[in-house]
Amino acid sequence: DVSLPKQIIKQFKGPKFGLHGIRKLIGIKDRPLIGTIVKPKVGLTSEKHAQVAYNSWLGGCDIVKEDENLTNQKFNRFEKRVKLTLKLRDRAERETGERKMYLPNITAPTCNDMLRRAKFVRDLGNEYAMIDIIPVGWTALQTLREANDNLNLVIHAHRCMHSALTRNPRHGISMIVIAKLTRLIGM
């Protein structure tokens with residue numbers, strides 16, 4: 001574990017929204033948020049991916065998040081998938097009368113691509129994004145958090161690949177430490 005002095009904590013922005021802010025955005029205060037994962041890499045086309053998300057929202061889920069960092073494959077391109085899924089998210093909101101969350105995975109090979117994806121998601125009217133924290137690294141997370149002052153997204157930290165660091169108790173780093181540092185940055 002790690003404890004940091006307040007003087008250090010004050011040097012970081014931390015999450016832009018936090019749990020209370022997310023609950024305010026989605027309008028759910030008195031129950032757990034229910035979610036599921038739809039993985040772009042399992043062979044779903046962009047259309048099928050969006051349909052699975054839509055069915056999940058109609059089935060009672062509040063949140064659909066993407067998973068893993070294979071987010072732009074020939075059979076399921078990032079931009080097309082996000083557009084189609086957001087269209088069906090809007091339809092699910094109209095049909096259920098409830099706000100729904102879609103967390104597209106903006107993880108990309110470079111910070112420029114990551115920020116372009118974040119802006120693309122925001123420009124389509126989405127309020128949420130997800131990032132794979134270990135593959136992109138600390139400096140990319142800091143870059144994303146600084147850009148988020150203008151993007152105004154809820155950023156979900158996905159701990160993809162953490163077990164390479166956390167699984168063996170004799171070496172590595174605890175997930176608690178990784179989570180605290182990630183939250184300090186602002187995810």
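This is a predicted model: local features need pLDDT of at least 70, side-chain atom pairs count only at pLDDT 80 or more; totals for chains, interfaces and linings use all residues.
Two packed helices are described by the angle between their axes and the distance between the axes. Helix H5, formed by residues 111–123, and helix H7, formed by residues 138–151, have axes that come within 10 Å and cross at roughly 30 degrees. Since angles under 35 degrees count as roughly parallel, H5 and H7 are therefore roughly parallel to each other. Their crossing is right-handed. On the H5 side, the contact involves Cys-111, Met-114, Leu-115, Ala-118, Lys-119 and Arg-122, which meet Ala-140, Thr-143, Leu-144, Ala-147, Asn-150 and Leu-151 of H7. Classified by residue type, this contact of H5 with H7 comprises 8 nonpolar, 2 polar and 2 charged residues.

H7 also packs against helix H9, which spans residues 175–185; the axes of H7 and H9 come within 9 Å and cross at roughly 30 degrees. Trp-138, Leu-141, Gln-142 and Arg-145 of H7 make this contact, together with Ile-178, Leu-181, Thr-182 and Ile-185 of H9. The classes represented in the contact of H7 with H9 are 5 nonpolar, 2 polar and 1 charged residues. An α-helix has 3.6 residues a turn, so residues three or four places apart point the same way. The loop between H7 and strand S5 contains Asn-152. This residue has a positive phi of about 60 degrees although it is not a glycine. With a relative accessibility of 41%, Asn-152 counts as partly exposed.

In helix H2, which covers residues 18–26, the buried residues are Gly-18, Gly-21, Ile-22, Arg-23 and Ile-26. The cover over these buried residues of H2 includes strand S3 (101–103), strand S4 (128–132) and strand S5 (154–158). Gly-27 follows H2 and has a positive phi, near 80 degrees.

Ile-26 is also one of the residues touched by Lys-100, a residue of the loop between helix H4 (78–96) and S3. Buried means under 20% relative accessible area; at 1% relative accessibility, Lys-100 therefore counts as buried. Its side chain reaches the backbone oxygen of Cys-61 at 2.9 Å. The side chain of Lys-100 additionally makes a polar contact with the side chain of Glu-98, at 2.8 Å. Beyond residues up to four places away in sequence, the surroundings of Lys-100 comprise Ile-26, Trp-57, Gly-60, Cys-61, Asp-62, Arg-89, Glu-93 and Tyr-128.

His-49 belongs to helix H3, residues 46–58, and counts as buried at 0% relative accessibility. The C-alpha atoms of His-49 and Lys-39 are 8.0 Å apart in space, the two residues being 10 residues apart in sequence. When residues up to four places away in sequence are not counted, His-49 touches Val-38, Lys-39, Pro-40, Leu-44, Glu-66, Asn-76, Arg-81, Thr-85 and Tyr-102. Of these, Thr-85 lies in helix H4 and is likewise buried, with a relative accessible area of 0%. Leaving aside neighbours within four places in sequence, Thr-85 is in contact with His-49, Ala-50, Ala-53, Trp-57 and Tyr-102.

Definitions and conventions:
Residues are numbered from 1 along each chain as its sequence is written. Side-chain values use heavy atoms; hydrogens and water are left out. Axes are lines fitted to C-alpha atoms, for helices over the stretch in contact, and angles run from 0 to 180 degrees between N-to-C directions. Helices (H or I, at least four residues) and strands (E, at least two) are DSSP runs, numbered from the N terminus. Angles under 35 degrees count as roughly parallel, over 145 as roughly antiparallel, 65 to 115 as roughly perpendicular and the rest as oblique. A crossing is left-handed if the near helix is turned anticlockwise from the far one by less than a right angle, and right-handed if clockwise. Contact means heavy atoms within 4.5 Å. Ala, Val, Leu, Ile, Met, Phe, Trp, Tyr, Cys and Pro count as nonpolar, Asp, Glu, Lys and Arg as charged, and the others, Gly among them, as polar. Buried means under 20% relative accessible area, exposed over 50%, partly exposed in between (1.4 Å probe, protein chains only). A polar contact is a pair of N or O atoms within 3.5 Å; within protein, one must be able to donate a hydrogen and the other to accept it, and residues adjacent in sequence count only if both atoms are side-chain atoms.
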